[in-house]
Amino acid sequence: MFPTSMATSIRNTKMLLRRAFSIKRNEILARNLCFTRTLNANEDQDKSKKVVEEKKNKAELKEAKQKEAKAKLNMLLESMSKTTQKAYPSESKLSLATPKIRAKPAKPVKQPVFNTKIEPEMLQAVEDVSNMLSKENEALKNSLIAKLEDVADESERARLEPFKPNKQKTEDLNSLLNTLKVDGKKPKNKSPAPKLAPVKIEDMYGAQPSGIFSKAHFIEESSAVSGLATWDMLYEKELELAVTHPPANGFQQMIQWTKQGKVWQFPIDNEQGLDEEAQIGFHEHVFLEPHLKPWCPRRGPVRHFMELVVVGLSKNPYLTVEQKKEHINWFRDFFEAKRSILIDTGAIPDITTKSSPSLST
Amino acid sequence: MTNAVKLNQPVRNNWTDWRMMKDNRRRKLLVQYAPDRVRAKALKKNDVLPAEIIEIGTKMLAEIPRDASLTRVRNRCAITSRPRGVVTRWRLSRIVWRSLADYNKLSGVQRAMW
């Protein structure tokens, strides 16, 4: 029986709220007791006791209800089966039109006979195997060879014909994949790797070599000229960069140049870097007549020309002595080559008249 | 001004323009054919040797490629490839030269004031 005072109605609402927040029942009872004491100070103690009892009963009822609900849930879960049951039977009971099943005439499958050359090495291997297993067993050998031939034929056929997907095989594969997908549970604990017995190695290097690869012919990959010239060049560049360390900033650049001797030294010397040239005296630059002496005639237009050349070279400060010599030698060779023309024109006196073989008189 | 030549652009060469590239090519040829040119010219431009030799000299000079001639080389600006208004000592166009000078990048160059 619910007392109809304002305090109890307030108490009921508070109880509901507390239930919603799932506080312990003992705490609820305790708080109710406290609450009842403060508010129902004027009321009799019997009445408060009655209220407490009623609260207790309510809690018990609630417990019972919860237990019932749990039991129901469990039953439902058990009743739920994994396999989905079809609502309707697959075979319909209606008599519908069905197509006539006509057996298609089986196409004669062209099995092209290949004279596939079985490699002699393969044949030898097959023979060795058959010998190893059972010596002088002709039947075994023949069967093995026949199998080899079949395999070779099949591979040849497959190679020549374009690939056609086999429907049956694809269907099987698809069904297999589907069955795999349905399995939702992932095993958390990985099955440990099969533990093998530890290998007993008695003597690593003392055993006899098995000689498996003694007759093997390893095909070396033809290291022909790769047509990727740019790639090769870039690869080499990368290698160089990996080894060298180009300067990261201007300071490092200046340091590098100073070490290489590319930087001007102060006070500025115009001939900085030309150390070898400084050692060569001016006489080698100016007095070039000795270079003419062995070959050039003492008189004539050729001498005149070469004298002019020598004067010009002696006045040239930009060429090295080697370069000047190169020029003189070139003229010597040129006149030697055009000797006939020179003789015809009369620049050089005829050799037949004179005894000396060289150009000089 | 430090990144005058942009090196990370996808191009076949890093010259400012094709004229600069051709000018560079001419300079290289000039260096390569310089001795041949000198000798051929010496044979041609003299009145001492017989006429046949002089003829041979002219033929030799004609065989040398035209781009090996000094007159074909143009002192362009090293940055902008400007053919005119190039300050010789720095090999830069007057505009580039002025901008560098204003940023104090040219040693000893100062705004004139007198």
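Trainee: At what angle do helix 4 and helix 5 of chain A pack?
Mentor: In this predicted model, helix 4 covers residues 120-133 of chain A and helix 5 covers residues 138-160 of chain A, and their axes lie 9 Å apart. The crossing of these two helices of chain A is right-handed, and the angle at which they pack is about 145°.

Trainee: Which residues of helix 5 of chain A make the contact with helix 4 of chain A?
Mentor: From helix 4 of chain A the contact takes A:Met122, A:Leu123, A:Val126, A:Glu127, A:Ser130, A:Asn131 and A:Leu133. By class, the contact of helix 4 with helix 5 of chain A has 8 nonpolar, 2 polar and 2 charged residues. The residues on the side of helix 5 of chain A are A:Leu140, A:Lys141, A:Leu144, A:Ile145 and A:Leu148.

Trainee: Are helix 12 and helix 13 of chain A roughly parallel or roughly antiparallel to each other?
Mentor: The axes of helix 12 (residues 301-314) and helix 13 (residues 321-337) of chain A come within 10 Å and cross at roughly 165°. An angle over 145 degrees counts as roughly antiparallel, and therefore helix 12 and helix 13 of chain A are, relative to each other, roughly antiparallel.

Trainee: Which residues of helix 13 of chain A meet helix 12 of chain A?
Mentor: Helix 12 of chain A passes helix 13 of chain A in a right-handed crossing. On the side of helix 12 of chain A, the residues include A:Phe305, A:Val309 and A:Leu313, and by class the contact of the two helices has 9 nonpolar, 2 polar and 1 charged residues. Those that helix 13 of chain A brings are A:Lys324, A:His327, A:Ile328, A:Phe331 and A:Phe335.

Trainee: Which residues are the closest to the centre of the second largest pocket?
Mentor: The second largest pocket has a volume of about 410 Å³. Its lining takes at least two residues each from helix 12 and helix 13 of chain A and from helix 1 (18-44) of chain B, and the lining residues divide into 10 nonpolar, 5 polar and 3 charged. Of the 18 residues that line this second largest pocket, the closest to its centre are A:Val309, A:Leu313, A:His327, B:Val38 and B:Ala42.

Trainee: At what angle do the axes of helix 1 and helix 2 of chain B cross?
Mentor: Helix 1 of chain B passes helix 2 of chain B in a left-handed crossing, and the contact is made by residues including B:Ala40 and B:Leu43 of helix 1 and B:Met60 of helix 2. By class, this contact between helix 1 and helix 2 of chain B has 6 nonpolar, 2 polar and 3 charged residues. The axes of helix 1 and helix 2 (residues 51-63) of chain B come within 7 Å, and they cross at roughly 145°.

Trainee: Which peptide bond is cis, with omega near 0°?
Mentor: Most peptide bonds are trans. A:Pro267 has its place in the loop between helix 8 (250-260) and helix 9 (275-279) of chain A, and the cis bond is the one from A:Phe266 to A:Pro267.

How values were computed: Residues are numbered from 1 along each chain as its sequence is written. Chains are lettered from A and ligands numbered from 1 in the order in which they are written. This is a predicted model: local features need pLDDT of at least 70, side-chain atom pairs count only at pLDDT 80 or more; totals for chains, interfaces and linings use all residues. Side-chain values use heavy atoms; hydrogens and water are left out. Axes are lines fitted to C-alpha atoms, for helices over the stretch in contact, and angles run from 0 to 180 degrees between N-to-C directions. Helices (H or I, at least four residues) and strands (E, at least two) are DSSP runs, numbered from the N terminus. Angles under 35 degrees count as roughly parallel, over 145 as roughly antiparallel, 65 to 115 as roughly perpendicular and the rest as oblique. A crossing is left-handed if the near helix is turned anticlockwise from the far one by less than a right angle, and right-handed if clockwise. Contact means heavy atoms within 4.5 Å. Ala, Val, Leu, Ile, Met, Phe, Trp, Tyr, Cys and Pro count as nonpolar, Asp, Glu, Lys and Arg as charged, and the others, Gly among them, as polar. On a 1 Å grid over the protein atoms alone, a cavity is a set of points where a 1.4 Å probe fits but cannot get out, and a pocket is an open set with protein on both sides within 12 Å along at least five of seven lines; lining residues have an atom within 4 Å of a point. Grid points are joined across faces, edges and corners, and a volume is the space filled by probe spheres set on the points.
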